[in-house]
Structure formats: structure tokens, C-alpha cells
Amino acid sequence: MNKANEANFDGLVGPTHNYSGLSFGNVASLNNVDQPSNPKEAAKQGLTKMKALADMGFIQGVLAPHERPHIPSLRRLGFSGSDAQVLQQASKHAPKILAAASSASCMWTANAATVSPSADTHDGRVHFTPANLVNKFHRSIEHETTGAILAATFNNAEHFAHHQALPSVDHFGDEGAANHTRFSAEYGQQGIEFFVYGMAAFDSSVPKPSRFPARHTLEASQAVARMHGLTDEKVVYAQQNPAVIDAGVFHNDVIAVGNRNAHFYHQEAFLDTEKMQKDIMTAWGDNPETFHFIEVPSQLVSVEECVKSYLFNSQLLSRNANDMTIVVPGECQNIPAVWEYLNSLVAGQGPINQVKVYDLKQSMSNGGGPACLRLRVVLTEAEHAAVNPHCLMNDALYATLNQWVDKHYRDRLIEKDLADPQLLMESRTALDELTKIMQLGSVYDFQKG
Ligand SMILES: NCCC[C@H](NC(=O)CCC(=O)O)C(=O)O
């Protein structure tokens with residue numbers, strides 16, 4: 001077994017971060033439609049969390065944002081003329097489509113891809129499959145650029161394998177790592193890959209939510225497991241409880257999080273909790289007493305409180321073999337039942353014994369907490385050394401990115417600003433400079449000419 005560590009790659013918030021109410025089924029997105037946003041503050045809140053984790057000794061990476069407004073998507077929908085004319089026409093005839101083409105939603109990198117560490121895959125490489133995010137138009141336009149950015153960040157074919165996204169149809173709706181977690185005694189040993197789905201596309205006997213969409217299918221997860229070359233006995237599938245999707249839990253990472261030998265989840269998260277436990281224990285094998293199921297009862301924290309606080313959209317970080325820190329958003333402190341629960345959790349006998357709180361309000365107002373903002377990538381030392389070093393957080397990159405944000409970002413954005421050709425120019429200028437800072441090459445359409 002090679003020694004390995006977990007790295008977190010956070011999405012850097014892009015210059016067009018705004019609240020457009022684009023995500024039906026995501027309560028925060030729907031509630032904050034038409035609020036002014038603050039892209040500068042959003043980017044800085046994200047950078048602060050990244051730097052804090054790097055300072056705690058964790059490997060922290062950065063994934064670059066995408067070009068927005070995305071003019072090629074607007075042209076594909078029939079808007080034409082100069083870039084300024086495309087924006088103007090879209091704003092006049094289809095403002096919501098312009099908003100969709102302007103969303104900074106790629107910041108939520110838990111949805112960027114599914115990642116399988118080398119210890120789990122048939123060829124001993126780290127495998128990446130960008131998520132097609134087909135359920136929402138504004139997110140369905142992410143996967144190509146996501147693939148290019150992942151390839152420029154993990155740019156070494158000996159260690160990293162990059163797949164194409166699954167076919168872009170509902171049958172293979174894939175929301176990436178937001179519905180995927182991995183359990184293992186140590187990061188470097190073969191782990192259990194745990195996939196959570198909202199519906200089955202080819203089996204109508206499987207229940208579905210009725211109010212809000214199930215964004216991720218069983219068949220999508222099975223396809224990713226095949227492509228990554230995972231071992232059947234080490235893969236577990238579980239269905240999300242359709243009732244919690246209907247209550248606003250649009251991704252499983254709003255109601256469950258796992259790390260190493262701990263699964264922290266809400267009593268109502270899964271359709272069949274007993275089966276989930278049994279299947280994980282079968283895959284875990286020997287020493288069942290070393291695995292922790294930490295189930296939060298509805299009596300202590302309701303599903304509604306989970307959705308409001310994002311208690312489970314937390315990061316579980318191993319400080320050493322026995323101790324974990326839980327990273328939560330500030331909203332957890334505002335809901336007494338949640339804050340009391342967290343305090344009793346860290347005071348108890350379990351592995352989670354420290355809590356850290358970060359202000360991520362700009363992202364939270366669109367339904368993205370600490371866990372949404374990061375993509376976990378388990379890396380051996382050799383793989384870590386093969387990552388593009390300009391994408392790894394340290395004092396210098398932190399200072400450079402803060403200056404870059406100060407130079408290029410606005411501190412207020414409302415829907416009508418999205419049609420401003422100046423915003424497009426600002427965004428392109430910023431990203432062009434960023435690709436030099438992070439040495440990514442030409443990953444954007446506007447750079448390809
Ligand atoms: N994992 C968190 C994802 C949050 C994201 N929200 C959004 O896209 C909201 C954008 C807006 O409404 O402007 C989503 O629902 O996919």
C-alpha cells in the first residue's frame with residue numbers, strides 16, 4: 001500500500017457570481033432569486049476557507065472558474081452578431097437564458113466530477129469523470145471546460161486518467177462527487193466507493209420524488225464505476241430517500257458526509273438505512289467495530305433544519321488516524337438545535353472531535369456549503385508531486401489570488417448587469433490572467449480564437 005492523503009480542490013468563485021433562482025429543488029437558490037450578489041466577497045470567502053485548510057496542514061488545491069457569460073452557448077441557441085449584440089439580444093428576449101449562461105455555478109466543484117483514487121482502480125491511476133449535470137441547463141454547460149481544467153490541473157497520463165462525461169440525457173443524470181463518498185481505514189488502501197442515486201432510469205419499480213427532480217441516476221453511477229475500473233465488492237449503491245429530495249435535499253451531500261471510517265448522516269437520508277449499513281459493512285470486511293455510523297435522529301435535528309443549516313454539507317478532515325475536524329458554515333450557529341447537536345457531537349466519544357466554522361454566506365445563498373465547494377482527490381506522494389504546482393494553495397498563491405480578485409471583481413451584481421459587455425470583457429481579462437497565474441494553458445473558448 002502506498003501512503004496517501006486527501007486533497008481538497010475548491011472552486012474559485014468566478015466574477016459573475018449572482019442569484020438567478022436557476023435551481024428548481026434547491027431551496028436557497030429559489031429563495032434568493034433577484035438578491036444582489038457580491039462576487040468579490042464570494043471569492044474571498046472561498047479563498048479564506050482554502051487558506052485556513054492549507055494552514056492546518058491539509059493539501060488544498062484550487063480549480064479555476066469558467067468563462068461567463070458563455071457566449072458559445074448563447075450562439076448555439078440562435079443569438080448572433082457581435083458578442084455585445086448576443087448579450088443584448090439574449091437579455092431582451094430571454095433574460096433567464098442569459099442568467100443561466102452567466103452563472104458562476106462551477107464554483108461547486110463537488111459537482112465537477114467523480115474521482116476514484118488509484119488504490120481503487122484497475123490500472124492504478126486516479127480516474128476523473130466530469131459530471132454532465134444534465135438536470136439544469138446552466139450546469140449542463142460546465143462539463144467540457146471542467147474536463148479541460150481537470151486535465152490541466154492533473155496533467156500527467158502516468159498517474160491521472162480523464163474520461164468524457166456520460167451522455168447528456170436524464171437517463172445518465174450525473175451530479176458527480178456530491179453523491180459519492182469513499183470509506184477506507186487509511187486513504188492509501190483500497191476503499192469502498194459509495195454512490196447515492198435519486199432514481200433509476202431503466203427500472204420504473206424504483207420510487208422517485210414527486211415534487212422536485214431526482215438529478216442523479218443509478219445507471220450513471222454504475223457507468224462511472226465501470227469506467228473507473230472499480231472492484232464490484234468494493235462498490236456500494238444506496239438510494240436517497242425521495243421524501244428528502246422533495247424537502248429540498250437536491251444532492252445527498254446536503255444530508256450525509258463520509259470520511260475514512262465514519263459515515264455521518266441523517267436518520268431520513270436514505271430510503272433503506274439498514275440496507276445501506278449492511279452493504280457498507282459487507283464491503284468493509286474485517287474489524288466491523290472500527291467503523292462508525294453516526295446517525296442524527298429527526299428528533300434532534302429536523303430535515304428542514306439540515307437544509308437551512310447545511311450541517312451535513314460539512315467537510316470531515318482527518319487530523320490523524322483517530323481525530324476528525326468538522327468544517328461547517330456559519331448558518332449552523334444560527335439554528336440552536338444544530339449548534340447544540342454539533343457541540344454534543346464533538347464532546348462525545350466518536351472520531352469527530354473538533355468543529356471549525358467559516359462564513360460562506362455568498363455561496364450558501366445559492367445552496368452551496370463547505371462540501372459543495374470542494375472536490376476531494378486522494379493522492380499518493382508521487383501523484384501529489386505530479387499535480388500542476390501552480391494550482392496548490394500556499395501563502396504566495398493566496399496573496400496573488402486575493403490581489404487578482406481585488407483587481408478584477410465587482411462587489412455588486414444584479415441580473416441586468418449580466419448584459420453589460422463590459423462585464424464580459426472584465427471576466428475574460430481576469431480569466432486570461434488567471435490561466436497564466438495557474439499555468440493552465442488555453443482552457444477557455446475565448447482563448448481558442
Ligand atoms: N452543490 C451545490 C450546488 C448548488 C447549485 N446552485 C445553483 O446552481 C444556483 C444558481 C442560481 O440560482 O443562480 C445547484 O443547485 O446545482
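Guide: A definition to start: helices (H or I, at least four residues) and strands (E, at least two) are DSSP runs, numbered from the N terminus. The model is predicted.

Visitor: Where is Cys372 found?

Guide: Cys372 sits in the loop that runs between α14 (361-364) and β15 (374-380).

Visitor: How confident is the predictor, and what mean pLDDT does the protein have?

Guide: pLDDT is the predictor's confidence in each residue, from 0 to 100. Here the protein has a mean pLDDT of 98, and 100% of its residues reach 70 or more. For the complex, the predictor gives an ipTM of 0.99 and a pTM of 0.98.

Visitor: Which residues does UniProt place under the feature "active site"?

Guide: Such annotations may be inferred rather than shown by experiment. The unreviewed UniProt entry puts "active site" at Glu175, His251 and Cys372. These are spread over 198 residues of sequence, yet they cluster in space, with 11.1 Å as the largest C-alpha distance.

Visitor: Is Cys372 buried or exposed?

Guide: The idea is to count C-beta atoms: a residue is buried if 20 or more others lie within 10 Å of its own, and exposed if 12 or fewer do. Cys372 counts as buried because it has 28 C-beta neighbours inside 10 Å.

Visitor: What is Cys372 in contact with, leaving aside its neighbours within four places in sequence?

Guide: A contact means that two C-beta atoms lie within 7 Å. With sequence neighbours within four places left aside, Cys372 is in contact with Trp108, Ala110, Ala178, Asp253 and Asn313.

Visitor: And where does His251 lie?

Guide: His251 is in a loop as well, the one between α9 (242-246) and β9 (256-259). His251 has 28 C-beta neighbours inside 10 Å and therefore counts as buried. Beyond four places in sequence, His251 is in contact with Glu175, Ala178 and Asn179. Glu175 is itself one of the positions in the UniProt feature.

Visitor: How many residues surround the ligand, and which are the closest?

Guide: The shell is read from C-beta atoms within 6 Å of the molecule. There are 21 residues around this ligand, and the closest are Ser20, Leu22, Ser23, Ser29 and Cys372. By type, the shell divides into twelve polar, seven nonpolar and two charged residues.

Visitor: How many residues does the largest nonpolar core have?

Guide: A core is a set of buried nonpolar residues joined through C-beta atoms within 7 Å. The largest one here has 113 residues, and Ile255, Phe312 and Leu375 have the most contacts inside it. Ile255, with its neighbours within four places set aside, is in contact with Val244, Val249, Tyr265, His266, Ala269, Cys306 and Phe312. Another core, of 15 residues, lies apart from the largest one and includes Val86, Ala90, Leu418 and Leu423.

Visitor: Which residues does a cis peptide bond join?

Guide: The angle to read is omega. For the bond that joins Arg68 and Pro69, omega is about -10°, and the bond is cis. Pro69 is in the loop between β2 (59-63) and α3 (71-76).

Visitor: What phi does Asp34 have?

Guide: Asp34 is not a glycine, but its phi is positive, about 75°. Asp34 belongs to the loop between α1 (27-31) and α2 (39-55). With 10 other C-beta atoms within 10 Å, Asp34 is exposed. Tyr310, likewise not a glycine, has a positive phi of about 60°. Tyr310 lies in the loop between α11 (303-309) and β12 (315-318), and counts as buried because it has 28 C-beta neighbours inside 10 Å.

Visitor: How far apart in space are Val206 and Tyr398?

Guide: Sequence separation and distance in space are read as two separate numbers. Val206 and Tyr398 are 192 residues apart in sequence and 47 Å apart from C-alpha to C-alpha. For Thr48 and Tyr358, 310 residues apart along the chain, the C-alpha atoms are separated by 8.4 Å. Thr48 lies in helix α2, and is partly exposed because it has 15 C-beta neighbours inside 10 Å.

Technical notes. Residues numbered from 1 in each chain as written. Predicted model: local features only at pLDDT ≥ 70, side-chain atom pairs only at ≥ 80, totals over all residues. Nonpolar A, V, L, I, M, F, W, Y, C, P; charged D, E, K, R; others polar.
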